[in-house]
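Please take a look at how the two chains of this model meet. A short report follows the display.

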Protein chains: 2
Amino acid sequence: MNLNPVGTHCILELYDVDPPLLDDEPFIRSAMEQAAGKSLSTVLKVTSHKFEPQGVTALALLAESHISIHTWPENRYAAVDIFTCGETAKPEQACAFMVRQFKAGRHQLNVLRRGVGMDPERGVVPIEEKSPPAKESVLCPVHN
Amino acid sequence: MNLNPVGTHCILELYDVDPPLLDDEPFIRSAMEQAAGKSLSTVLKVTSHKFEPQGVTALALLAESHISIHTWPENRYAAVDIFTCGETAKPEQACAFMVRQFKAGRHQLNVLRRGVGMDPERGVVPIEEKSPPAKESVLCPVHN
């Protein structure tokens with residue numbers, strides 16, 4: 001893995017989603033794979049599970065890290081996370097795509113920086129090491 | 001999925017880990033499966049990928065959500081996340097296990113609450129809705 005290990009981990013909450021979308025495993029897998037494309041990431045493997053009586057989990061193993069989606073149709077809620085390392089991926093674009101794709105009435109996005117505590121004397125110096133805070137939090141307004 | 005959707009998402013950084021451990025795919029898969037046990041969670045599916053020249057990603061799909069591990073042996077670093085929903089899982093126990101198992105010289109744990117913004121008028125009222133903050137952050141001391 002030659003990508004810069006300092007990464008961006010987007011923690012996305014999707015609220016007020018139509019329940020049938022959240023119970024549609026093929027739709028969710030497809031949305032996840034399209035989201036990977038939007039983030040300029042490469043999907044290596046996908047796995048998913050349909051729960052009874054409802055709910056889906058889907059995981060994508062990326063060359064750049066992972067995407068996960070867990071849904072609760074009965075609560076109109078999906079928990080998404082999109083974690084990418086390297087300098088070219090655009091996980092925020094994938095989050096915006098997911099909000100649109102699931103037509104979420106409300107959403108919340110927290111953006112975390114990963115790996116910023118690496119010791120430069122013991123490894124490659126992450127290029128962004130000196131610039132970002134350890135964690136950034138972005139609260140999104142109600143989505144229309 | 002009948003578990004309470006309000007969940008706990010542990011974002012764990014492992015630093016100063018011996019590189020061979022971080023390039024050992026069977027060890028990493030085993031650690032992840034054992035960690036699921038420590039968190040009182042049930043593994044439904046596991047997938048992993050060995051990168052060239054080095055690095056491993058492993059994902060576990062749990063009945064309670066997921067565990068992911070991404071490693072950078074060249075940086076002595078692993079990014080772990082353990083996300084569980086429901087009232088019985090103990091993801092913090094899994095994090096403590098991972099720190100021990102990888103003999104991390106340093107680690108950092110951020111604990112996020114997921115799904116706390118659900119609208120009780122549109123779904124099941126999450127039982128912890130009134131108590132926790134939207135996000136808790138716990139910085140751990142240097143591990144000896």
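How many salt bridges are there between chain B and chain A? The count is two, a salt bridge being a side-chain nitrogen of Lys or Arg within 4 Å of a carboxyl oxygen of Asp or Glu. In one of them, B:Glu13 pairs with A:Arg114, with the closest N and O atoms 3.1 Å apart.

This is a predicted model: local features need pLDDT of at least 70, side-chain atom pairs count only at pLDDT 80 or more, and totals for chains, interfaces and linings use all residues. Residues are numbered from 1 along each chain as its sequence is written, chains are lettered from A in the order in which they are written, and side-chain values use heavy atoms, without hydrogens and water.

**The interface**

Contact means heavy atoms within 4.5 Å. By that rule, 56 residues of chain B touch 56 residues of chain A. The buried area is about 4500 Å²; this is the accessible area (1.4 Å probe) that the two parts lose on being put together, summed over both. Carbon and sulfur atoms give 58% of it.

| Class | Residues of chain B |
|---|---|
| Nonpolar | 24 residues |
| Polar | 19 residues |

**Symmetry**

A rotation of 180° with 0.0 Å of shift along its axis superposes chain B on chain A, at RMSD 0.0 Å (least squares on the C-alpha atoms of residues with pLDDT of at least 70 in both). That is the relation of a two-fold axis. Of the interface residues of chain B, 100% are also interface residues in chain A, so the copies meet through the same surface.

Technical notes. Ala, Val, Leu, Ile, Met, Phe, Trp, Tyr, Cys and Pro count as nonpolar, Asp, Glu, Lys and Arg as charged, and the others, Gly among them, as polar.
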